[in-house]
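Subject: Structure for you to look at

Hello,

Here is the structure I said I would pass on. Please open it first, then read the notes below next to it.

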Amino acid sequence: MTEGGAQVQVYASVVEFVENYLSLVYRRDVTDSRRRVWCPEWWKHAEAMARLDGIWRAWEYLRRDGHTGLSVWFLDHADPQMRQLFDSEGPFKFCSPVNGHSDRLPPLPSTSPPQGIFDSVRWR
């Protein structure tokens, strides 16, 4: 679909994409938290939002390739990202469809580097 020469997205947001496509395509048993986890309030997790937003944007782009686009999307984007989200040690570790969202995972510890430390260093 094009509108004035620009490609029109199928889904207007990552929320619409997850609710109307991804949750229907990725049907998994997420009741056994030792094997696979999911948070019904996935949008409360920064990592999940970033990963799902990337999956959505990749899908919107790759769906236009009528040959291998969907396969590339699954293999290179959706499957690796969903594996991380479903992982029992991932961002939904303490969440469950039964008990809902949990915010028990703290951010990674981080301290700011000394001022100016990166001014003269060239990272490759």
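The side chains of glutamate 60 and arginine 63 form a salt bridge, with 3.0 Å from N to O. The term salt bridge is used here for a side-chain nitrogen of Lys or Arg within 4 Å of a carboxyl oxygen of Asp or Glu. Side chains of opposite charge can pair when their charged atoms come close.

This is a predicted model, in which local features need pLDDT of at least 70 and side-chain atom pairs count only at pLDDT 80 or more, while totals for chains, interfaces and linings use all residues. Residues are numbered from 1 along each chain as its sequence is written, and side-chain values use heavy atoms, with hydrogens and water left out.

Are the two partners in that pair buried or exposed? Buried means under 20% relative accessible area, exposed means over 50%, and partly exposed is in between (1.4 Å probe, protein chains only). Glutamate 60 counts as buried because its relative accessibility is 3%. Arginine 63 has a relative accessible area of 25%, so it is partly exposed.

How many salt bridges does the rule give? The count is 5. Among them are two more that can be described here:

- Lysine 44 and glutamate 41 meet through their side chains at 3.2 Å, N to O. Lysine 44 is partly exposed at 43% relative accessibility, and glutamate 41 is partly exposed at 25%.
- Glutamate 89 and lysine 93 are joined by a salt bridge of 3.1 Å, N to O. Glutamate 89 is exposed, with a relative accessible area of 57%, whereas lysine 93 has 29% and is partly exposed.

Next, the segment after helix H3. Helix H3 covers 69–86, and serine 96 lies in the segment after it; helices (H or I, at least four residues) and strands (E, at least two) are DSSP runs, numbered from the N terminus. Serine 96 is buried because its relative accessible area is 13%. Which residues does serine 96 touch, leaving out those up to four places away in sequence? They are Trp38 and Pro40, where contact means heavy atoms within 4.5 Å.

Arginine 104 is also found in the segment after H3. With a relative accessible area of 57%, arginine 104 is exposed. From arginine 104 to leucine 62 the separation is 42 residues in sequence and 35 Å in space, C-alpha to C-alpha.

Regards
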